[in-house]
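The structure comes first, and the notes follow by topic.

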Amino acid sequence: MKYIIYLLLLAVAWTACETNSTASDTETAQIQIDSAAVEQHLATLASDEFEGRKPFSAGEEKTVDYLVNAFKDMGLQPGNGDSYIQEVPLVEITGTPETEIALIKGADQMIFKQGKQIVTYTEKVEERVEVNDAELVFCGYGIVAPEYGWNDYEGIDMTGKIAVVMVNDPGFENEVDSTIFKGNTMTYYGRWTYKYEEAARQGAAGCLIIHEQRAAGYPWFVVQSSWTGGKLNLESELPKCNIQGWITLQATSDLFKFANTGERGFFEKARSTDFEPIPLGVTISTYVENEMKRDVSKNVIAMLPAKEESDEYVIYSSHWDHLGIGQPVNGDSIYNGALDNASGTASMLGIAEAFTQLPEAPSRNVVFLAVTAEEQGLLGSAYYAENPIFPPAQTVANLNIDGVNFYGATNDLSIVGYGQSTMDDLTEEEAKKQGRYVTPDAQPEKGFFFRSDQFSFAKIGIPVLYIDSGLDHKEKGKAYSKDQLDKYTAERYHRPADHYTPGEWDLSGMVADALLFFNIGYRIADSDIYPEWKDGSEFKSKREVLKD
C-alpha cells in the first residue's frame, strides 16, 4: 500500500510541477517506498507453480488467469472490447533434426554433431524439411543495405545453397573504419532474424549464423536452449529458408580449413564494402522432421480510460512468457524467467495499480499490454502490431519493460536505442528529478533495441522507450553493477537458475525504475506532448506515413 500511496503522491506533485509549482511540491513526495506489492507479483509469476510460463502450456493458463484477475482487481477495464484477451494464433513446430551432419568435399567428409558444433531447425510448417547436396557459401554478414552501399550477396545466385554468415554487422569492433554502419551500435541488419529473412529473400535453401559470444551477446548455451525443442511461429506468407541454424566459432574455423579454398582472412574480408561471396565447395544434406501443433496463445490487455473521451493512447507493454520446462541443468528443468521477464510484468502491474489510485484519470487513455511469445521472436507484440486494437496513428507512445534492476539503486540509467526519439529527452528530465543521469546504451553492439517488444511498435512508427538498468551503483560503484550483470548473463540468462528467492535481490533499483516509467507515462498521458522520432532514425518515415 505504501508503494501505491507514494506513486499517488508523486503523480499529484508531478501535476503541480507542470503548473509552475515550487520544487518543494515534488520534494514532499520523496518518501521511502515499500516494494512488497511488486515483489509479490514477481515471486508468484516466477514460482515453480507457473512452470516457466511457456505459451501453450499449463503455465500459460495460470499466467493469463493471474494477469486478468490482477487487472480486474485493480478496476481496469478490458482492453479489447469487453475482453481482457487478444487471441494470438500460433503454430508450434517441434523439430527433430539429424543428430550428425556430414560435410562433404569430394571424397572427404567431416562430421558436425547436433548441439555441440551446430544447431539446425526450420520455421517451415511441413512434416519434413530437407536440403540435398546444398553448397555452403560464406556470405560475410549476410546483409543487403543500399543506404550503406552494402551487398554481401553481390553477383551470386543462392538458389539451393546455404549461406554461412557472421552475427552482428560490419560496424562491430571494426578497427579499420568505426564509421561503417553505426559503429559498435548494432543496426537491425545485425540481428539474427534479419539474417534468416535476407537469406530467404535471396532464394537460399538455408542459412547458418556463426556464433561468437561477444558479437552475439550471449553464450552458446543460449543457442542450445533457445533454438531446440518446440518453437512457436506466426504463420506467414513470407519466404523462409528450409534450414536455419547456428554453428560455433570453432566449427567455422574447422569448416574453412576443410574447404581449403586458398582464401585467408575470411572475417577481415567481410568487413569491406568490396566483399564478394566465397563458395566453399563443401556440401551438406540434412533434414528436420517436424511435429506441428496449432493453437492460440493470448496477449492480456487492460485499459484505464481517459478522464474525458479521448482517441489517443499510451501503451505500457511487457512480455509475460518464458521458456517453460526444458533441458535440466543441475537437476532443475524449470526455466522460471524471474528477471526475464516476471520482473518486468510485476513492475507493469505495480505501475498499473498506481494509475488506478490517481484522483482522476489522465487526459489520454492508458493501456497495459502483457504480450505472449517474446522469447520465440517477439511474436505476441508482432501480432499486436499487425492487428492493433488501438490505431497506431493515435498511439502516442509505447513504454516497454523487459528485465529490471535486481542489484540495487543506481545513480544512472541507460536508454536502449538512445538517439532514436524525443522519448530520450523526457527520460533525461524525469531521471534528473530522481537525482540520476542518463547514458546511451551501455552495450549497443548487442542490439538489445531489436530484442524486445518495443521493436514491434517501432517498426510501425510508434515512438518507444526501453530503458536498461544503470551501472553506477549508489553504494558499490560501477564495477559491482557490471559484475552482477556479467554473472547473470553467464550463469542465469535463459537457464533454470533465473529464479527468484526473496532476500537475494535488492529491489530498490527495480522500484526506482518503475517510478521513472510511471512518471514518464503519466506525463505523456496527461498532456499534449507528442513524442517524435529524431532525424536519422530509420523509423521516422514510418511515423510520417501514419500521420498522412
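Lys-231 lies over the face of Tyr-121, 5.6 Å from the ring centre. The model is a predicted one.

**Aromatic pairs**

- Over the whole structure, a search finds 39 aromatic pairs.
- Phe-138 and Phe-267 have ring centres 6.2 Å apart and planes at 40°, so this pair counts as tilted.
- Because Phe-138 belongs to strand E6 (residues 128-138) and Phe-267 to helix H9 (residues 266-270), the pair ties together parts 129 residues apart in sequence.
- Phe-138 is buried at a relative accessible area of 0%, whereas Phe-267 is partly exposed at 22%.
- Tyr-316 and Phe-355 form an edge-to-face pair, with 5.9 Å from centre to centre and 65° between the planes.
- Tyr-316 is in strand E14 (residues 313-319) and Phe-355 is in helix H10, so this pair links parts that are 39 residues apart in sequence.
- Tyr-316 has 0% relative accessibility and counts as buried; Phe-355, at 1%, also counts as buried.
- One aromatic cluster includes Tyr-148, Trp-150, Phe-181, Tyr-188, Tyr-189 and Tyr-194. Among its other members are Phe-449, Phe-450, Phe-455, Trp-533 and Phe-539.

**Packing of H3 and H10**

- Two packed helices are described by the angle between their axes and the distance between the axes.
- Helix H3 (residues 36-45) packs with helix H10 (residues 338-356) at an angle of about 140°, and the axes are 8 Å apart.
- The crossing of H3 and H10 is right-handed.
- On the H3 side, the contact involves Val-38, His-41, Leu-42 and Leu-45.
- Sorted by class, the contact of H3 with H10 holds seven nonpolar residues, five polar residues and no charged residues.

**Helix H11 and its cover**

- Seven of the eight residues of H11 are buried, and the helix is mostly covered.
- The buried residues of H11 are Leu-379, Gly-380, Ser-381, Ala-382, Tyr-383, Tyr-384 and Ala-385.
- Their cover includes strands E2 (85-97), E11 (230-233), E13 (278-304), E14 and E17 (365-371), together with helix H13 (454-458).
- Tyr-383 lies in H11 (residues 379-386) and counts as buried at 17% relative accessibility.
- Setting aside neighbours within four places in sequence, Tyr-383 is in contact with Gln-86, Glu-87, Val-88, Pro-89 and Leu-234.
- Tyr-383 and Gln-86 are separated by 297 residues in sequence, but their C-alpha atoms are 9.5 Å apart in space.

**Backbone geometry**

- Most residues other than glycine have a negative phi, and most peptide bonds are trans.
- The peptide bond between Asp-340 and Asn-341 is cis, with omega about 10°; Asn-341 is in helix H10.
- Phe-56 is not a glycine, yet its phi is positive, near 70°.
- Phe-56 sits in the loop between H3 and helix H4 (58-74) and is buried, with a relative accessible area of 13%.
- Phe-181, also not a glycine, has a positive phi of about 50°.
- The loop between strand E9 (162-166) and helix H5 (192-201) holds Phe-181, which is buried at a relative accessible area of 8%.

How values were computed:
Residues are numbered from 1 along each chain as its sequence is written. This is a predicted model: local features need pLDDT of at least 70, side-chain atom pairs count only at pLDDT 80 or more; totals for chains, interfaces and linings use all residues. Side-chain values use heavy atoms; hydrogens and water are left out. Axes are lines fitted to C-alpha atoms, for helices over the stretch in contact, and angles run from 0 to 180 degrees between N-to-C directions. Helices (H or I, at least four residues) and strands (E, at least two) are DSSP runs, numbered from the N terminus. A crossing is left-handed if the near helix is turned anticlockwise from the far one by less than a right angle, and right-handed if clockwise. Contact means heavy atoms within 4.5 Å. Ala, Val, Leu, Ile, Met, Phe, Trp, Tyr, Cys and Pro count as nonpolar, Asp, Glu, Lys and Arg as charged, and the others, Gly among them, as polar. Rings of Phe, Tyr and Trp (its six-membered ring) pair if their centres lie within 6.5 Å; planes under 30 degrees apart count as stacked, over 60 as edge-to-face and the rest as tilted. Buried means under 20% relative accessible area, exposed over 50%, partly exposed in between (1.4 Å probe, protein chains only). A charge sits over a ring if NZ of Lys or CZ of Arg is within 6 Å of the ring centre and within 35 degrees of the ring normal.
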